[in-house]
Structures are given as C-alpha cells and as structure tokens.
Amino acid sequence: TSVVIPERIGDLPIVCVKAAFPQAVSIFLPKTVTELVPYTEEDDYADIENVSTASVSRLIEHMIGGYQSAGAVFGPAPALTTIRVDDENPLYFDLNGLLYSAAGTLVRVPPMTEEFAEDALEGVTEIGTGAFLGCRTGLEFDLPETVKVLGDGCFEGAVVPLISSYSIESIGTGAFAGATATMIIDTSAAEAVGAWAFKDTGRIDMISFEGEPLLVDTGAF
C-alpha cells in the first residue's frame with residue numbers, strides 16, 4: 001500500500017507516470033519524474049492511431065449527451081492519504097501530503113486527506129485536472145484570488161462544504177460534476193465555463209454570470 005516509484009528501470013530514468021494506484025495509502029515520487037498524466041480507465045483500450053481514447057470517448061459522450069470523467073493523477077486512489085516528492089525534483093513538490101507543481105498548480109489532493117491547512121492554496125493559480133476527485137472528507141475552504149483556473153473534473157465527486165471565489169477566469173469540463181458542495185462563484189472575470197461543469201452538483205447558493213466575453217457550454221448544467 002506504500003508505493004515508491006524508483007528513479008530508474010535498468011539504465012532508463014523514469015520521467016513520466018500515468019497509472020492508477022487504487023490501493024495505495026502513500027505515494028513517493030523520485031526526482032526524475034517530470035510529467036504526471038491524469039489516468040482514466042478508457043486509456044487502457046486505446047486502438048486509434050494519433051487520437052487519444054479519452055478524446056474519442058469524450059466526443060462520443062458529447063454526441064449522446066453524457067459526461068466522460070476527466071480522470072486524475074494516480075486515478076481515483078480512494079485509500080490515498082499522502083503524497084511525497086523527492087526534494088530534488090525540479091517540477092513537483094509536496095506540502096502536508098498534497099501534490100503541487102512548481103508552475104503553481106495544485107495537482108492532487110489525496111481523497112483521505114483529513115485537514116486542509118489555511119496555506120494549502122497559497123500561491124496556487126490553478127486547481128488541476130481531477131485534483132479533488134473523490135475527496136469525501138468534507139474539506140472546507142475558500143479559493144484565494146490567486147486561483148484563476150479550475151481544471152477539468154477538479155472537484156468531481158468530492159464533498160466540499162464551502163467554496164467561494166470571485167476571481168475565476170475559466171471553469172473546466174465537469175469541474176463540479178457529481179460534487180456535493182455549497183458554493184458561491186462569481187464568474188464576472190470568467191471567459192469560459194466547460195461542458196457539464198455543474199452536472200449533478202449538490203447545493204449551489206449562487207453563480208453569477210456577468211463576464212464579457214463569457215462562453216458557457218450549453219451542457220454546463
């Protein structure tokens with residue numbers, strides 16, 4: 001249940017991780033890893049050259065009016081409590097068991113995280129794809145003004161009692177799909193709201209659409 005990704009396989013450094021760890025309690029990333037790819041089960045069945053299965057699946061879901069999960073780094077990982085990164089890794093780091101990128105993205109919050117420190121979003125500009133996927137611990141927080149982008153599926157299926165923000169510029173596909181959340185979001189600065197962004201979302205106190213130009217996908221709700 002403790003996954004330690006090695007730096008090398010033979011003479012080859014491990015630079016990219018695209019895998020699910022459904023039973024992992026903790027994950028350690030070495031200094032060599034410079035790319036983390038969100039994992040979806042559909043990617044196991046890729047059979048079309050030059051076109052990702054995720055893209056094909058998403059296109060089909062669009063055609064039939066459904067929603068294709070955006071996936072997340074390390075997959076759903078329902079037992080995950082902490083993520084650690086080698087101090088010498090140039091692109092990723094951890095803080096209180098949460099995974100970040102040096103570029104300002106909150107990459108992944110372990111679903112079994114019990115506390116969310118006040119400084120957890122300090123300096124964060126983007127909530128990454130599937131960052132809070134499946135978090136069931138009822139974390140409570142406001143998004144600081146630095147956060148401008150909510151990635152695809154970033155709060156999918158999560159239990160988040162309170163989210164308020166007045167600085168979001170972009171809300172990704174399925175950002176709050178299936179989430180249980182009490183939220184206040186003023187999108188006066190937003191430029192786009194993705195498909196199924198609020199599909200089957202729990203309580204929404206207020207969403208204000210006043211931005212110009214504002215592109216709201218017809219399936220956002």
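1. Quick definition before anything else: a residue counts as buried under 20% relative accessible area, exposed over 50%, and partly exposed in between. Keep in mind that this is a predicted model. By that cut-off, Lys199 is partly exposed, with a relative accessible area of 26%, whereas its salt-bridge partner Asp200 is exposed at 60%. Their side chains meet at 3.7 Å, N to O.

2. That pair belongs to a set of three salt bridges found in a search of the whole structure. Another one joins the side chains of Lys31 and Glu88 at 3.4 Å, N to O. The two residues are 57 apart: Lys31 sits in the loop between S5 and strand S6, Glu88 in the loop between S7 and strand S8. Lys31 is partly exposed at 33%, while Glu88 counts as exposed at 55% relative accessibility.

3. Now the sheet. Strands S1, S5 and S7 make an open, parallel sheet in that order. S1 (2–4) and S7 (82–85) are the edges, each pairing on one side only, and the twist averages 10 degrees from one strand to the next.

4. On the pairing itself, three bridges join S1 to S5, and four link S5 (residues 26–29) with S7. Ser26 stands opposite Thr82 in S7.

5. Arg84 also has a salt bridge to Asp94, side chain to side chain, at 3.2 Å, N to O. Arg84 lies in strand S7 and Asp94 in strand S8, so the contact ties together parts ten residues apart in sequence. Arg84 is partly exposed, at 39% relative accessible area.

How values were computed
Residues numbered from 1 in each chain as written. Predicted model: local features only at pLDDT ≥ 70, side-chain atom pairs only at ≥ 80, totals over all residues. Heavy atoms only, no water. Pairing = 2+ DSSP bridges. Axes fitted to C-alpha atoms, helices over the stretch in contact; angles between N-to-C directions. Salt bridge = Lys/Arg side-chain N within 4 Å of Asp/Glu carboxyl O. Buried < 20%, exposed > 50% of the residue type's maximum accessible area, 1.4 Å probe, protein only.
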